[in-house]
Amino acid sequence: MNDKRPVNLDIGSIDLPITAYVSILHRISGVILVAGVAVLLWILDASLSSEESFNAIKASTGSFFCKLIVWAVLSALIYHTVAGVKHLIMDLGVGESFEGGVAGSKIVFAVSIVLIALVGVCIW
């Protein structure tokens, strides 16, 4: 047996198409959303437990860390939604070719960057 397949692939050296990056980031944004919703629900629960904790959370909403958490969760939500809409459009039969997938991926990145930047401006 003469097996010439590579034994150890260096994932950092593989040249992935843009469609792969969009897909990987779609999955990562879903994981961030699950973790972010858990944090936001914890904050909601804490704010409803007592008047003191509500006032403490209200006072901390202006902090950089709190704004960063909200911006990260909203950024993940925006990217996940835009990429999900691309998948729904592809399910309708539009952009199923490789060229269509590349074009759709570029649109996902462009729209997401613009919307995430707008949300960032609104938060800060």
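A crossing is left-handed if the near helix is turned anticlockwise from the far one by less than a right angle, and right-handed if clockwise. Helices (H or I, at least four residues) are DSSP runs, numbered from the N terminus, as are strands (E, at least two). This is a predicted model: local features need pLDDT of at least 70, side-chain atom pairs count only at pLDDT 80 or more, and totals for chains, interfaces and linings use all residues. Residues are numbered from 1 along each chain as its sequence is written, and side-chain values use heavy atoms, with hydrogens and water left out.

**Helix α1 and its partners**

Start with α1 and α4. α1 passes α4 in a left-handed crossing. Their axes come within 8 Å and cross at roughly 50°. Axes here are lines fitted to C-alpha atoms, for helices over the stretch in contact, and angles run from 0 to 180 degrees between N-to-C directions. α1 and α4 are therefore oblique to each other. Angles under 35 degrees count as roughly parallel, over 145 as roughly antiparallel, 65 to 115 as roughly perpendicular and the rest as oblique.

Next comes α3. Helix α1 covers residues 18-49 and helix α3 residues 64-91; their axes come within 8 Å and cross at roughly 135°. That makes α1 oblique to α3. α1 passes α3 in a left-handed crossing as well.

Then there is α2, residues 51-60. Its axis lies 5 Å from that of α1, and the two helices pack at an angle of about 130°. That makes α1 oblique to α2.

**Who touches whom**

Contact means heavy atoms within 4.5 Å. In the α1 and α4 contact, Ile18, Thr19, Tyr21, Val22 and Leu25 of α1 meet Gly101, Val102, Ser105, Lys106, Val108 and Phe109 of α4. With α2, the α1 residues are Ile43, Ala46, Ser47 and Ser49, and the α2 residues are Ser53, Phe54 and Ile57. With α3, the α1 residues include Leu33 and Gly36, and the α3 residues include Ala76 and His80.

The table sorts each contact by class. Ala, Val, Leu, Ile, Met, Phe, Trp, Tyr, Cys and Pro count as nonpolar, Asp, Glu, Lys and Arg as charged, and the others, Gly among them, as polar.

| Contact | Residues by class |
|---|---|
| α1 with α3 | 14 nonpolar, seven polar, one charged residues |
| α1 with α4 | seven nonpolar, three polar, one charged residues |
| α1 with α2 | four nonpolar, three polar, no charged residues |

**Inside and outside**

Which residues make up the largest nonpolar core? They are Val22, Ile78, Tyr79, Val82, Ala83, Val108, Ile116, Val119 and Ile123, nine residues in all. Such a core is a set of buried Ala, Val, Leu, Ile, Met, Phe, Trp, Tyr and Cys residues joined through side-chain atoms within 4.5 Å. α3 and α4 (98-123) are the elements that give two or more residues to this core. In soluble globular proteins, nonpolar side chains tend to be buried together.

Buried means under 20% relative accessible area, exposed over 50%, partly exposed in between (1.4 Å probe, protein chains only). Ser112 lies in α4. At 2% relative accessibility, Ser112 counts as buried. Ser112 touches Ile78, Tyr79 and Val82, not counting residues up to four places away in sequence.

Lys106 also sits in α4. At 51%, Lys106 counts as exposed. Gly84, in α3, counts as partly exposed at 22%. Gly84 and Ser23 are 61 residues apart in sequence and 9.9 Å apart in space, C-alpha to C-alpha.
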